[in-house]
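Subject: Structure for your review

Dear colleague,

Please find the structure below, handed over for your study. My notes on it follow.

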Amino acid sequence: MSEQQRLADGDVAPDFTLTSADGDQVSLSDYRGQRVLVYFYPAAGTPGCTKQACDFRDNLAELSEAGLSVIGISPDKPEKLAKFRDAENLTFPLLSDPEKAVLTAWGAFGEKQMYGKTVTGVIRSTFVVDEEGRIATALYNVRATGHVAKLRRDLGI
């Protein structure tokens, strides 16, 4: 497999329209004029993804005060996302990308190292998109634990 395309600070964020846990269509362009934090995670309900989602939930007030909306995207079906949202009391949109088209466009799907082996899958990634729809911060291979605290430090929140 060739080196996958990764987004960098200053790139135009690829637009998307995906189905939410509620079955609604949500587009990145819906957030134009505001900053949005888009994060990609492998699977709803797994230990690492649950820790990361709860971390965003627990820091949502501070992120919102700093002018950031949060969106989580995974390959899970909307029904699984709804169960995950309800089980963990998540209050930000969870979007479904079962074809992995958006994951791929954002460089968040491809080869990665897992337990010393090269596998193909979701690359845990976080992006801050500015008011004009450009990538302000692109972070790949982030850790599930402690990531939100590091992000807050890096963004001065």
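**Strand 8 and its neighbours**

Strand 3 (residues 35-40) and strand 8 run antiparallel and are joined by 5 bridges. Two strands are said to pair if DSSP finds at least two bridges between them. Strands (E, at least two residues) and helices (H or I, at least four residues) are DSSP runs, numbered from the N terminus.

Before going further, please note that this is a predicted model, in which local features need pLDDT of at least 70 and side-chain atom pairs count only at pLDDT 80 or more, while totals for chains, interfaces and linings use all residues. Residues are numbered from 1 along each chain as its sequence is written, and side-chain values use heavy atoms, with hydrogens and water left out.

How many residues of strand 8 (residues 125-129) are buried? The count is 5 of its 5 residues, where buried means under 20% relative accessible area, exposed means over 50%, and partly exposed lies in between (1.4 Å probe, protein chains only). In a regular strand the side chains alternate between the two faces of the sheet. Both faces of strand 8 are covered: S125, F127 and V129 are buried on one side, and T126 and V128 on the other.

**Cysteines**

A disulfide is a pair of cysteine sulfur atoms within 2.5 Å, and the count by this rule is 0.

**Lysine 150**

K150 is found in helix 5 (residues 147-155). With a relative accessible area of 40%, K150 is partly exposed. The side chains of K150 and D154 are joined by a polar contact of 2.7 Å. Such a contact is a pair of N or O atoms within 3.5 Å; within protein, one must be able to donate a hydrogen and the other to accept it, and residues adjacent in sequence count only if both atoms are side-chain atoms. K150 and W106 are 44 residues apart along the chain, and their C-alpha atoms are separated by 21 Å.

Yours sincerely
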